[in-house]
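I opened this notebook to record what I looked up in the structure. The entries follow the order of my reading.

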Amino acid sequence: MSAPEKSHLFYQSRQRRPVLDQAKGVYMWDVDGKRYLDGSSGAMVCNIGHSNPRVLEAMRRQMEKSTFGYRLHFETEPAEKLAAKTAGLAPEGLDKVFFVSGGSEAVESAIKLARQNAVAIGEAQRTRIISREPSYHGCTLGALALTGYAPLTAPFEPMMRPMPKIPAPRAYLDGLDPDDEATGFHYADMLEEKILNEGPETILAFIVEPVGGASTGALVPPRGYMRRIREICTRYGVLLIHDEVMSGGGRTGKFFAADHWDAEPDILVISKGFAAGYVPLGAMVAHKDIVTNVLDAGGFLHGFTYAGNPLACAAGLAVLEEIEREGLCRNAENTGALLKSELEKLMARYPIIGDVRGKGLLLAFELVEDRTDMRPLPKELNAYNQLVDIAYDNGLIIYSRRTRGGYRGDHFLIAPPMTSTPDHVAEIIEGLDLSLRQFLDRMSQQQAQ
Ligand code: PMP
């Protein structure tokens with residue numbers, strides 16, 4: 001059964017997909033019984049796989065006790081336990097946790113906490129946050145102002161406060177060596193230049209996705225970059241916010257991607273893999289001094305109704321326990337290394353693949369017209385949709401977004417659950433191989449017409 005002809009639902013577009021019946025582990029089935037390998041964990045969400053019995057049991061137990069306790073009326077054990085566990089996983093000093101229900105809410109919370117901290121410490125002239133281009137930080141107006149992605153922001157720009165942007169360190173497009181520290185410094189120093197040009201006393205924070213997500217396609221920062229931006233932020237009293245909505249939760253091989261570089265942020269935000277799709281959940285984790293400043297100055301003027309609800313927190317706690325119990329960060333690292341090397345083998349066979357990148361199981365490949373100058377495929381080809389649809393028909397789910405509007409490239413995120421095995425890797429590569437072949441056939445047919 002496909003989706004009904006007439007539906008009262010709407011999302012971004014008119015595109016319809018089959019109706020989901022059930023999901024287990026790395027697989028999903030539609031109501032016609034067709035099986036899909038979830039090669040992108042939804043939108044990099046279902047990190048521990050679908051229908052994990054221990055998580056379902058923890059949720060069931062909590063549901064029987066209580067599903068909601070409003071935070072101004074009650075504290076709850078799951079929220080307290082999950083906050084403690086999250087703080088334990090976060091970088092040194094970041095031990096205050098504020099719960100939300102998703103990534104955009106987490107980013108909004110970070111914007112407001114940073115602002116209230118500045119006011120509290122007598123630096124009220126700091127009102128702007130620097131971010132990168134391209135980047136994605138969410139769809140609510142505050143988070144959208146930080147998002148560097150013109151196709152999403154353009155209609156709303158007259159309604160938003162313009163926020164300064166610096167280029168994301170896409171060394172592979174600029175012909176620079178990401179393993180050379182000089183490359184990292186080259187891009188990081190653009191932050192210092194921007195701060196100086198804008199006026200350091202006006203800058204509240206810099207926000208960065210440690211490993212990029214949908215906007216840059218699993219971009220890993222060049223050597224030296226993360227440490228250098230930390231130093232620059234400290235030099236100018238600018239807070240460093242890590243947006244780990246996608247990179248957090250273990251799929252880069254560490255629970256927080258920040259830990260790959262000891263690049264201690266002042267605030268970090270997490271969602272997606274935090275409760276791995278079992279419930280909507282996210283968090284802002286902040287340095288204790290910032291929280292002390294804000295609470296001492298009269299309180300944090302911010303909060304969402306569903307914050308810290310016990311069912312969401314019980315699910316989140318069970319997810320974190322599962323990640324620990326099954327050693328899923330280690331598995332993400334090992335299986336990710338295998339998957340990346342297999343993607344590189346595909347790249348050797350398909351000149352249309354211009355780059356393979358990422359960390360752990362947050363991986364991507366990018367299609368290009370010409371690998372020598374990384375020229376993108378013609379926009380009209382609509383490669384990002386075509387390849388996704390072909391793979392989907394072949395029972396493989398991958399995630400794509402063309403960074404158009406002045407940006408270059410069609411990249412595809414390959415990010416299966418952290419429970420994936422070498423057999424799943426083989427199945428993903430087989431599906432991609434078949435899909436790329438069909439895509440190229442289709443391209444030559446289109447060109448022949
Ligand atoms: N930040 C990043 C890095 C993201 O990848 C996303 C979601 N793709 C968001 C923020 C926004 O999260 P949500 O869609 O849950 O609001």
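Entry 1. In which loop does proline 134 lie? I found proline 134 in the loop between strand 5 (128-133) and helix 5 (141-146). I note here that the model is predicted. I then looked up the peptide bond from glutamate 133 to proline 134, which is cis, with omega near -5 degrees.

Entry 2. I turned to residues with a positive phi. Aspartate 262 is not a glycine, yet its phi is positive, at about 45 degrees. I located aspartate 262 in the loop between strand 8 (239-244) and strand 9 (267-270). Is aspartate 262 buried or exposed? Aspartate 262 counts as exposed, because it has 11 C-beta neighbours inside 10 Å and the limit for exposed is 12 or fewer.

Entry 3. Lysine 272, also a residue other than glycine, has a positive phi near 25 degrees. I placed lysine 272 in the loop between strand 9 and strand 10 (282-287). Lysine 272 is buried, because 26 other C-beta atoms lie within 10 Å and 20 or more are required.

Entry 4. I next looked up asparagine 47, which has its place in the loop between helix 1 (41-44) and helix 2 (53-65). Asparagine 47 counts as buried, with 29 C-beta neighbours inside 10 Å. Setting aside neighbours within four places in sequence, I listed its contacts as Ser41, Gly249, Gly250, Arg251, Gly273, Ala276, Pro417 and Met418. I also checked asparagine 47 against aspartate 433, 386 residues apart along the chain, and their C-alpha atoms are separated by 24 Å.

Entry 5. Leucine 328 belongs to helix 12 (residues 328-349). Leucine 328 is buried, with 27 other C-beta atoms within 10 Å. Apart from neighbours within four places in sequence, leucine 328 is in contact with Ile48, Gly250, Ile323, Met418 and Thr419. For leucine 328 and methionine 418, I read a C-alpha separation of 5.8 Å, although the two are 90 residues apart along the chain. I note that Gly250 and Met418 are among the contacts of leucine 328 and also among those of asparagine 47.

Entry 6. I then examined the surroundings of the ligand. Which residues come nearest to the ligand? Of the 15 residues around it, these are Gly102, Gly103, Ser104, Gly138 and Val245. Helix 4 (residues 103-120) supplies the largest share of the shell, three residues. By class, I recorded six nonpolar, seven polar and two charged residues in the shell.

Entry 7. Helix 4 passes helix 10 in a left-handed crossing. Leu113, Gln116, Asn117 and Ala120 of helix 4 meet Ile290, Asn293 and Val294 of helix 10. I sorted the residues of this contact into four nonpolar, three polar and no charged.

Entry 8. My last pair was helix 8 (residues 181-198) and helix 9 (residues 225-235), which pack at an angle of about 25 degrees with their axes 8 Å apart. Helix 8 and helix 9 are therefore roughly parallel to each other, and helix 8 passes helix 9 in a right-handed crossing. From helix 8, the contact draws on Gly184, Phe185, Tyr187, Ala188, Leu191 and Glu192, and from helix 9 on Tyr225, Arg228, Ile229 and Ile232. I recorded these residues as seven nonpolar, one polar and two charged.

Conventions. Residues numbered from 1 in each chain as written. Predicted model: local features only at pLDDT ≥ 70, side-chain atom pairs only at ≥ 80, totals over all residues. Axes fitted to C-alpha atoms, helices over the stretch in contact; angles between N-to-C directions. Helix = DSSP H or I, 4+ residues; strand = E, 2+ residues; numbered from the N terminus. Parallel < 35°, antiparallel > 145°, perpendicular 65-115°, else oblique. Left-handed = near helix turned anticlockwise from the far one by under 90°. Contact = placed C-beta atoms within 7 Å. Nonpolar A, V, L, I, M, F, W, Y, C, P; charged D, E, K, R; others polar. Near = placed C-beta within 6 Å.
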